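The following explanation leads the reader through a single model, from its strand pairing to its core and then to individual residues.

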Amino acid sequence: MKKIEAIIRKTKFEEVKEAILNVDIEWFSYYDVRGIGKSRQGRIYRGVVYDTSSIERILISIVVRDKNAEKTVTAIISAAHTGEIGDGRIFIIPIEDAIRIRTGERGDIALYNAEQER
């Protein structure tokens, strides 16, 4: 099993969400996050200079079976890509175990319903 964490632009969230759902990943978490990037600039709005070094992004967190990891990453990349600085990052982390609280099932079977095997 793998945990995929993707930090993406807020403006790309709906496209990424649809891409993830289209590769049969039915469940994921997402969070509004802020980060500090390498780019530092001030923006002027109505005569006031605002620091824009703090960047608003979305963090998507998904745990998938090993066989679904690459297609999930590919879907995120294709939907989130603009070609400009600030498109984001994807991190792939190994997961040792998963447990479905309701049934006590362990391992990758805890990530999906067995009766809906894909």
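**From strand pairing to local detail**

Strands S1 and S5 are paired in the antiparallel sense, over 8 bridges. Within this pairing, Ile60 of S5 is the bridge partner of Ala6. The model discussed here is predicted. In general, the strands of a sheet pair through backbone hydrogen bonds, in either a parallel or an antiparallel manner.

The pairing belongs to an open sheet of 4 strands, with the order S2-S5-S1-S6 and antiparallel pairing. Strand S2 (29-36) and S6 form the edges, each of them pairing on one side only. On average, neighbouring strands of this sheet are turned by 25° against each other, direction ignored.

Two helices pack on the sheet. H1 touches S1, S2 and S5, and its direction makes about 10° with that of S5. H2, in turn, touches S1, S5 and S6, and its direction makes about 5° with that of S1.

The largest nonpolar core comprises 20 residues, and those with the most contacts inside it are Ile8, Val16, Ile20, Ile60, Ile62 and Ile76. At least two residues of this core come from each of strand S1 (2-9), helix H1 (13-22), strand S5 (54-64) and helix H2 (66-80). H2 gives the most, with 6 residues.

Leaving aside residues up to four places away in sequence, Ile62 touches Lys2, Lys3, Ile4, Ile20, Ile25, Trp27, Phe28, Thr72 and Ile76.

The loop between H1 and S2 contains Asp24. Most residues other than glycine have a negative phi. Asp24, although not a glycine, has a positive phi of about 65°. This residue counts as partly exposed because its relative accessibility is 43%, which lies between the limits of 20% and 50%.

Arg100 is found in the segment after strand S6 (88-94). Is this residue buried or exposed? Arg100 counts as buried, because its relative accessibility of 15% falls under the 20% limit. Its contacts, not counting residues up to four places away in sequence, are Glu105, Ile109, Ala110, Leu111, Tyr112 and Asn113. Arg100 and Ala110 are 10 residues apart in sequence, and their C-alpha atoms are 5.0 Å apart in space.

Notes:
Residues are numbered from 1 along each chain as its sequence is written. This is a predicted model: local features need pLDDT of at least 70, side-chain atom pairs count only at pLDDT 80 or more; totals for chains, interfaces and linings use all residues. Side-chain values use heavy atoms; hydrogens and water are left out. A nonpolar core is a set of buried Ala, Val, Leu, Ile, Met, Phe, Trp, Tyr and Cys residues joined through side-chain atoms within 4.5 Å. Buried means under 20% relative accessible area, exposed over 50%, partly exposed in between (1.4 Å probe, protein chains only). Contact means heavy atoms within 4.5 Å. Two strands pair if DSSP finds at least two bridges between them. Axes are lines fitted to C-alpha atoms, for helices over the stretch in contact, and angles run from 0 to 180 degrees between N-to-C directions.
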